[in-house]
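Open the structure in your viewer and keep the selection tool at hand. We will go from stop to stop, and at each one I will say what to select and what is there.

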Amino acid sequence: MNPVKPNILVAGSNDYCTVELAGGTWAGFYRSTDGGGSWVNSLLPGYPTDTSPEGLASPLHQKGITNAGDPVQAWDNQGRLFYMGNAFNREAPQNASVWVATYDADASRYVRTVLVGTGTPALTGRFNDKTAIEVDRGVDSPYAGNVYVAWSLFQGAGNNAIYFARSTDHGATFSHPVKISEGSKDNQFADITVSRTGTVSVVWRQFATFRGQQRDAVMYVKSTNGGATFTKPVEAVPFTSFDAADSASNPAAAAEAHEEAFEAADGPESEESAGDARDCGSGPFACVSGFTFFRHDSQPHVTADPKGDPNTLYLVYDGTKAGTAQPSTSTYNTAPVAPDGTLMVGQGAIYLSKSTDGGATWSAPRLLSDVPSGHQFFPDINADGGYLYAVWSDSRNDPCYSVQNPPGNCAAKDAFGFHTASPGGGLDAYGAVSTDGGATWTVTRLSTASHQPNFEMFGDRRVPFQGDYNYVSNVGASAYRVWTDNRQVVPGDDPRYDGGEGFDVLQCRVNGGPDTCPNAGGLDQDIFGVATG
């Protein structure tokens, strides 16, 4: 949301509409000038078939990069928009890089794209991912206008580090990336905020190591000199994670299918989990439990009010709700594995923690919306002008909810051992607003219809993928929140497999061949949004 002209909104997504024409996914760019009433859809310049002068000049195009995504965006106070994401090839040379594009004139005009961090050509080399961006809009900041970016650098064997860079010339150039996660081994999901006086705060998730050398926690660093240097990482809040995992029925087949899907621009890569599957579907993606579910991991988001108290920070994350963890009755698990190896599950919930001393100490985490049923995940939070807004995904309306089940799955099984789909899907977007510094919250259902998050739209229509983020932006009382939504997907019946029909999408196949009607509604996964205030 443009901080000076709140009726001008921008958004982004991993846009799969480009796969048929350009051979890969790309970063969608969406702009509204009427507060979200209508949108103009476009793409970041530089996609493979882009012959415009802007596209040909893009370093992404010049490097021959065919995929771009993980979009994050931030405005300055002069009508400039900065749009960050990752870019890579799905086969060698991979060159997994992170980029920042600049738009001016209230995001009506594209200016440039620059590479901030570059990866190696090898598929097993350095891979830059999980991006975060913020601009200093502090009303009393000596560094106002600085652009700050952070991301995860994946280097294999759990050596995932958080890197940071800054621009002091409105995105024309960026500093050499520096590692800010010293002393922490396995790190993802960075988020950035800037206070009224220009203090830069960065948080990220530290993953527990299997050897017990570190625990799941939100890590924190800050800079008081415009991002030139940072404090050493400290543990802000330890937490009990809420990470989906299972065991593949055929691990080798699942690994091969994930790789094929990734190379075909038909899904994300699979990563390690407590088990050998972070998502489950049909065919080679089937899991021992018989559940069908998308990947999700606990992640933190942080905010400071650029017009408010410079020492106050608000942190949200999703974790396992205290007191709900119990042994799993299947191979599906979400809570940390017990010391004796027992797989555990629990209720996913959104927690809030607050610091009033610039991150030196944090309040005991408390539930943002305490309900007896429903999993909550993918949170975001934003502060501006004394208003706090939050958004998250929530399955409280799922008639089949259980701590033992992924969202959208029932306990009952069909004749082929797959759990049945929950009627209506059961997943919604929820939000909350606070005007008293997070002491009290008004919670609202944002989505007007529940949706089934586990429709198998990826991996050749055999596995679900819901994405990894929701976002909220506000200027004072006015806010806009976006989320991924499957309500318009047309269900179907996969003729290749028996069982799990409630998660199948419309497709047209002859003798098990490729789907010949991908634009008939079976792949209609969308970004939905709502304005409030």
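**First stop: the disulfides**

Select Cys400 and Cys410: with 70° about the S-S bond, their link is right-handed. Cys400 sits in the loop between strand S23 (387–394) and strand S24 (409–413), and Cys410 in strand S24, so the pair ties together parts that are 10 residues apart in sequence. The two sulfur atoms are 1.9 Å apart; a disulfide here is a pair of cysteine sulfur atoms within 2.5 Å. Helices (H or I, at least four residues) and strands (E, at least two) are DSSP runs, numbered from the N terminus.

Before moving on, a word on the model. It is predicted, so local features need pLDDT of at least 70 and side-chain atom pairs count only at pLDDT 80 or more, while totals for chains, interfaces and linings use all residues. Residues are numbered from 1 along each chain as its sequence is written, and side-chain values use heavy atoms, with hydrogens and water left out.

Now colour by accessibility. Buried means under 20% relative accessible area, exposed over 50%, and partly exposed in between (1.4 Å probe, protein chains only). Cys400 counts as buried at 18%, and Cys410 counts as buried at 8%.

How many disulfides are there by this rule? The count is three. Select Cys280 and Cys287 for another, with an S to S distance of 2.0 Å. The torsion about its S-S bond is about -85°, so this disulfide is left-handed. Both Cys280 and Cys287 are buried.

Then go to Cys508 and Cys517, joined with S to S at 2.1 Å. Here the torsion is about 90°, so the disulfide is right-handed. Cys508 is partly exposed at 30% relative accessible area, whereas Cys517 counts as buried at 13%. Select Cys17 as well: Cys17 is in no disulfide, and the nearest cysteine sulfur, that of Cys517, is 15 Å away. Cys17 is exposed, with a relative accessible area of 65%.

**Second stop: a four-stranded sheet**

Show S8, S9, S10 and S11 as a cartoon. These four strands form an open sheet in the order S8-S9-S10-S11, with antiparallel pairing. Strand S8 (127–135) and strand S11 (178–179) stand at the edges, each with a single partner strand, so one side of each is left without a neighbour in the sheet. Two strands pair if DSSP finds at least two bridges between them.

Walk across the sheet from S8. S8 and S9 pair over seven bridges, and Phe127 stands opposite Phe154 in S9. Seven bridges also join S9 to S10, where Trp151 stands opposite Tyr163. S10 (residues 161–167) pairs with S11 over two bridges, and the partner of Phe164 in S11 is Val178.

**Last stop: Ser328**

Centre on Ser328, in the loop between strand S18 (326–327) and strand S19 (344–345). Is Ser328 buried or exposed? Ser328 is buried, at 16% relative accessible area.

Next, display polar contacts (pairs of N or O atoms within 3.5 Å; within protein, one must be able to donate a hydrogen and the other to accept it, and residues adjacent in sequence count only if both atoms are side-chain atoms). The Ser328 side chain reaches the backbone oxygen of Ser330 at 2.8 Å and that of Tyr332 at 2.6 Å.
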